[in-house]
Amino acid sequence: MSDFAICLAVSAALFTLGVVGVLVKRNAIVVFMCIELMLNAANLAFVTFSRQHGTVDGQIFVFFVMAIAAAEVAIGLSIIVTVFRNRASINVDDVTMLRR
Amino acid sequence: METLLYLVFGLVALVGGVLVIVNRNPVYSALSLVLTMFAVSALYILQQAYFVAAVQIVVYAGAIVVLFLFVIMLLNLGDQGNLPAASGTRRFVGALLGVTFAGIVGAVVWEYASTAGPAAAAAGDIDHTKSLARVLFQNYLLPFEVVSIVLLAALVGVLALIRTHGRGLDSSEADNV
């Protein structure tokens, strides 16, 4: 098993862990952490392919993903804080107004 | 020898990812996330993406996870934060979907990894920070500027979200002054 395959397998497994976490967890903050896990898996795949192809373009994309992730976390956490102010809860099962 | 390091850090990353999900306490989840970030950063170093590895530690472990911990401690959830994972059926459906997804992604990775072979192209000088900057500021200058606008939009959005509709200082805190 080559190093390349190991990195891709780790990336796929991390992404799956993130998906399962988003589906299973109820604490909104932990759901956000699982989204970070998925972004990290994508970054790992970017760097791995970048190395494989001998170009730096993949690493450039990692920077963009990191910048968007930082913006997303700031917005997401402020949404969580606002929801907590209104509902006194961060359980994602308590925020179902859009479903009705 | 190097393959062993890949395996070790890959396993550490996966263990950290599992701990993020398994832990009940969100603070422990955040610390497990740091473990995963460091292991992924080590994988970057093994692939000679040194600058990306440094940025990974500074931005993720240094800024994003600290932001998570800050919010956890700001909300001061106590026992309310230790929510049980989910009901039995939802856990079952989540696991089922996870296994299905892992199968699909694993099949694609297996396909690619077995066909592409070990053709690691001229890996010598692709990872200098200088060449990275040259590509970023020449080929990707427009996306770079767009990202800076996105960050500004996020900043404004956060302020708009957190703002309490003009009653920031007048009603509650004016009494204390």
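Biologist: How many residue pairs are in polar contact between chain B and chain A?

Modeller: Keep in mind that this is a predicted model. For the polar contacts, both residues of a pair need pLDDT 80 or more. With that rule, the count between chain B and chain A is 8 residue pairs.

Biologist: And how many salt bridges are there across the interface of chain B and chain A?

Modeller: A salt bridge needs a side-chain nitrogen of Lys or Arg within 4 Å of a carboxyl oxygen of Asp or Glu. Apply that across the interface of chain B and chain A, and the number found is 0.

Biologist: Which element gives the most to the side of chain B that touches chain A?

Modeller: Several helices of chain B put two or more residues there: α1 (2-22), α2 (26-46), α3 (50-75), α4 (88-116), α5 (129-138) and α6. The top contributor gives 12 residues, and that's α4(B).

Biologist: What is the area buried between chain B and chain A?

Modeller: Start with the contacts: 76 residues of chain B touch 73 residues of chain A. Three residues, B:Ile21, B:Gln47 and B:Phe68, supply 10% of what chain B buries against chain A, more than any other three. Carbon and sulfur atoms give 76% of the area buried between the two chains, which comes to about 6800 Å².

Biologist: Where does the structure's 1 salt bridge sit, then?

Modeller: The structure holds 1 over all chains, and the partners link distant parts of chain A, 67 residues apart. One partner is in the loop between α1 (3-24) and α2 (28-53) of chain A, the other in the segment after α3 of chain A. The closest N and O atoms are 3.6 Å apart, and the pair is A:Arg26 and A:Asp93.

Biologist: Is A:Arg26 buried or exposed?

Modeller: The cut-off for buried is under 20% relative accessible area. A:Arg26 has 18% relative accessibility, so A:Arg26 counts as buried.

Biologist: Which helix gives the most residues to the nonpolar patch?

Modeller: The patch covers about 340 Å² and is made by A:Ile68, B:Leu142, B:Val146 and B:Val150. A:Ile68 lies in helix α3 (residues 57-87) of chain A, and its 39% relative accessibility makes A:Ile68 partly exposed. The helix that gives the most, with 3 residues, is α6 (residues 141-162) of chain B.

Biologist: How many helices and strands does chain B have?

Modeller: Read along the sequence, chain B goes α-α-α-α-α-α-α. Of its 177 residues, 33% count as buried. The secondary structure of chain B comes to 7 helices and 0 strands.

Biologist: Last one: which backbone oxygen does the side chain of B:Ser41 reach?

Modeller: B:Ser41 is in helix α2 of chain B, and with a relative accessible area of 1% B:Ser41 is buried. Leaving aside neighbours within four places in sequence, B:Ser41 is in contact with B:Ala53, B:Gln56 and B:Ile57. The oxygen that the side chain of B:Ser41 reaches, at 3.3 Å, belongs to B:Ala53.

Notes: Residues are numbered from 1 along each chain as its sequence is written. Chains are lettered from A and ligands numbered from 1 in the order in which they are written. This is a predicted model: local features need pLDDT of at least 70, side-chain atom pairs count only at pLDDT 80 or more; totals for chains, interfaces and linings use all residues. Side-chain values use heavy atoms; hydrogens and water are left out. Patches are made of residues with over 30% relative accessible area and no salt bridge: like charges are joined within 9 Å, nonpolar side chains (Val, Leu, Ile, Met, Phe, Trp, Tyr) within 5 Å. Accessible areas come from the Shrake-Rupley method with a 1.4 Å probe; for residues, only the protein chains shown count as cover. Helices (H or I, at least four residues) and strands (E, at least two) are DSSP runs, numbered from the N terminus. Buried means under 20% relative accessible area, exposed over 50%, partly exposed in between (1.4 Å probe, protein chains only). Contact means heavy atoms within 4.5 Å. Buried area is the accessible area (1.4 Å probe) that two parts lose on being put together, summed over both. A polar contact is a pair of N or O atoms within 3.5 Å; within protein, one must be able to donate a hydrogen and the other to accept it, and residues adjacent in sequence count only if both atoms are side-chain atoms.
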